[in-house]
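Student: I am new to this structure. Can we go through it step by step?

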Amino acid sequence: LPLTIFPSGTKRRSIEIEDDSGRAIVNLWGRRAEESNKFLIGDVLRLENVMFRNGRIELGYTGRIIIKERVGFISLDELSKINSGKVNIVAEVVQKN
């Protein structure tokens with residue numbers, strides 16, 4: 001859905017999410033609304049510190065969105081099934097040197 005900019009300068013974008021129980025609209029505010037252009041249809045998101053009020057899911061300045069699983073990305077164990085070529089990998093950083 002398109003980015004809405006209110007006269008006050010506040011920005012909002014709505015995204016539609018679903019899980020096994022159904023679908024819902026999440027309103028993203030401020031910086032979160034701007035960052036939403038990096039989401040791809042099919043990405044699995046984890047939403048933290050969201051507000052639910054008046055039947056709406058709102059994620060604002062104190063909320064956090066984590067892309068848990070990227071559409072079109074594979075796990076490390078799936079590499080053994082590929083002979084060669086370019087791939088997209090999703091994995092967790094466990095150590096930095």
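Student: How many aromatic pairs does a search of the whole structure find?
Tutor: Keep in mind that this is a predicted model. Ring centres must lie within 6.5 Å to pair. Across the whole structure, the search gives 1 aromatic pair.

Student: Is the pair of phenylalanine 6 and tryptophan 29 stacked or edge-to-face?
Tutor: The ring centres of phenylalanine 6 and tryptophan 29 are 6.0 Å apart, with 20° between the planes. Planes under 30 degrees apart count as stacked. So the pair is stacked.

Student: How far apart in sequence are the parts that this pair ties together?
Tutor: Phenylalanine 6 sits in the loop between β1 and β2. Tryptophan 29 belongs to strand β3. The pair therefore links parts separated in sequence by 23 residues.

Student: Is tryptophan 29 buried or partly exposed?
Tutor: Its relative accessible area is 23%. Buried would need under 20%. Tryptophan 29 therefore counts as partly exposed.

Student: Which strands stand at the edges of the open sheet?
Tutor: The sheet has 5 strands in the order β1-β2-β3-β6-β5, with mixed pairing. Each edge strand has a single partner, so one side of it is left without a neighbour in the sheet. The edge strands are β1 and β5.

Student: Which strand gives the most to the lining of the largest pocket?
Tutor: That pocket has a volume of about 640 Å³. Among its 22 lining residues, Glu16, Ile17, Glu18, Asp43 and Leu45 are the closest to the centre. β2, β3 and β4 each supply at least two lining residues. The top contributor, with 7 residues, is β2.

Technical notes: Residues are numbered from 1 along each chain as its sequence is written. This is a predicted model: local features need pLDDT of at least 70, side-chain atom pairs count only at pLDDT 80 or more; totals for chains, interfaces and linings use all residues. Side-chain values use heavy atoms; hydrogens and water are left out. Two strands pair if DSSP finds at least two bridges between them. Helices (H or I, at least four residues) and strands (E, at least two) are DSSP runs, numbered from the N terminus. On a 1 Å grid over the protein atoms alone, a cavity is a set of points where a 1.4 Å probe fits but cannot get out, and a pocket is an open set with protein on both sides within 12 Å along at least five of seven lines; lining residues have an atom within 4 Å of a point. Grid points are joined across faces, edges and corners, and a volume is the space filled by probe spheres set on the points. Rings of Phe, Tyr and Trp (its six-membered ring) pair if their centres lie within 6.5 Å; planes under 30 degrees apart count as stacked, over 60 as edge-to-face and the rest as tilted. Buried means under 20% relative accessible area, exposed over 50%, partly exposed in between (1.4 Å probe, protein chains only).
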